[in-house]
Amino acid sequence: MNIKSFFLVSIVSLFPFFSLSALELRSPKEPSVVEVPSVPAPSADLDSLKAEYYEIYSALKVYSNVAYSARQDSPVFLEVSASGQYLRGRLEAVGMLIERKTGFSREVLDSGLTRKNGEISRGVLAELSSVFGFSRGNEPHSMEMRGVPIKLGYCQINYVKNSVPFLVQYDGFLKKGEVILTFDDGPGQLTEEVSSAMKDAGASSVFFVLGSKLGPNGKELVKRTALDGHSVAVHGYNHATGSGKPFTALSTEETLDQLGGVSASIAAAVGRKPVFFRPPYGIISPEALKAIDIKLGLVPVGWTIDTLDWSTKDPEELFLKTTSLIKQRGKGIVLMHDIHSQSRTAAKRLVKWLAENGYKVVSPERMTAAYKGE
Ligand SMILES: [Zn+2]
């Protein structure tokens, strides 16, 4: 699907949309007796959860297709990439709920996913609009960006669809063949494996962690990540609010409070203050970003190569797409998530591929130097 048809889909899907797959999945044995309205029958509840799962999946496919065909620095890309990241999180959450309720595996659920291209339902569009606040206006010319400089040659904030401020990173300080690897949203079950594989490959990386995952076990995980020679950095407490909204949903004061707490948790766990900060979805206001630098001393980090690792569960596909993106650009700050199994597997192959193909994973400290103008 190209960008043009994405807009077409967006517009078409503003009209009431009825999911065929949800109908097909509905059990024919569904009770015809009307239950007490305020207490839905468990089966009906499960049916609606399944319908929701397929509805989100369907939209995820559209965003994934558009993201892969758009230029990574275009407004469309920033919009669909943030939306896709959010929808992957929603899909995982609904999938887990279904698993808990039925005991059947995600493989069974995913085997019902037969359609190659999806649609974006009106409900999903409304949800994304409420989460991110993209202003309406679907004509391409209304999506031009205005920018606010933060640090010349290092990063700036671009407003997408006039209302959503995205941190846009530059990598002019990297030479051709130089790569910085970053992993977001941990720590989790896969962090240790990713961390030690990167260490073995001599690839000192940045792990942007969530404070909500820094319980006793999480603290132990980030401590080991730091001992492996990586930089443990601030992402947020949640992602960024409890309901998955970006930091633009909070005041600068609230954002500073939240990030100050996460920074202190990391410092307590690894024994030194974190250096870097990356806003969830890359969304943050210029005012908040400047305050985070001044009050918390954190260096902002975006990315220049988004692997879109939320878009597929297939590590082979992810590996091929990632290496193709790296070859195209020739260098860059690579965004992955150490919470997805496909990312874990692809990252382990990626570091070997980088070494065999003349790329060099350079120290994240290069970003500090570039930001501070050294
Ligand atoms: Zn994130």
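Mentor: Two residues are in contact if their C-beta atoms, placed from the backbone, lie within 7 Å. The model discussed here is predicted.

Trainee: Which residues does I292 touch, not counting residues up to four places away in sequence?

Mentor: I292 lies in helix α10. With residues up to four places away in sequence left out, the contacts of I292 are L256, L259, F277 and L298.

Trainee: Is I292 buried or exposed?

Mentor: A residue is buried if 20 or more other C-beta atoms lie within 10 Å of its own. I292 has 24 other C-beta atoms within 10 Å, so I292 is buried.

Trainee: How far apart in space are I292 and T252, C-alpha to C-alpha?

Mentor: In sequence, I292 and T252 are 40 residues apart. In space, C-alpha to C-alpha, the separation of I292 and T252 is 8.8 Å.

Trainee: What share of the contacts in the chain with a separation of 6 or more comes from residues 24 or more positions apart?

Mentor: The chain has 13 helices and 11 strands, and buried residues make up 43% of its 374 residues. Of the contacts with a separation of 6 or more, the share from residues 24 or more positions apart is 79%.

Trainee: Which strands stand at the edges of the open sheet, each with a single partner strand?

Mentor: The open sheet has 3 strands in the order β1-β2-β3, and the pairing is antiparallel. One side of each edge strand is left without a neighbour in the sheet, because each has a single partner strand; these are β1 (146-151) and β3 (164-169).

Trainee: Which residue in β3 stands opposite Y159?

Mentor: Strand β2, residues 155-160, pairs with β3 in the antiparallel sense over 6 bridges. Opposite Y159, the residue in β3 is P165.

Trainee: Which helix packs on the sheet?

Mentor: The helix that packs there touches β1, β2 and β3. Its direction makes about 5 degrees with that of β1. The helix, residues 286-296, is α10.

Trainee: How are α11 and α12 oriented to each other?

Mentor: The axes of α11 (residues 315-329) and α12 (residues 341-356) come within 8 Å and cross at roughly 45 degrees. Angles under 35 degrees count as roughly parallel and 65 to 115 as roughly perpendicular. The two helices, α11 and α12, are therefore oblique.

Trainee: How do the residues of the contact of α11 with α12 divide into nonpolar, polar and charged?

Mentor: On the α11 side the contact is made by P315, L318, F319, T322 and T323. These meet Q342, S343, T345, A346, R349, L350 and W353 in α12. The residues of the contact of α11 with α12 divide into 6 nonpolar, 5 polar and 1 charged.

Technical notes:
Residues numbered from 1 in each chain as written. Predicted model: local features only at pLDDT ≥ 70, side-chain atom pairs only at ≥ 80, totals over all residues. Axes fitted to C-alpha atoms, helices over the stretch in contact; angles between N-to-C directions. Helix = DSSP H or I, 4+ residues; strand = E, 2+ residues; numbered from the N terminus. Parallel < 35°, antiparallel > 145°, perpendicular 65-115°, else oblique. Nonpolar A, V, L, I, M, F, W, Y, C, P; charged D, E, K, R; others polar. Pairing = 2+ DSSP bridges. Buried ≥ 20, exposed ≤ 12 C-beta atoms within 10 Å, placed from the backbone.
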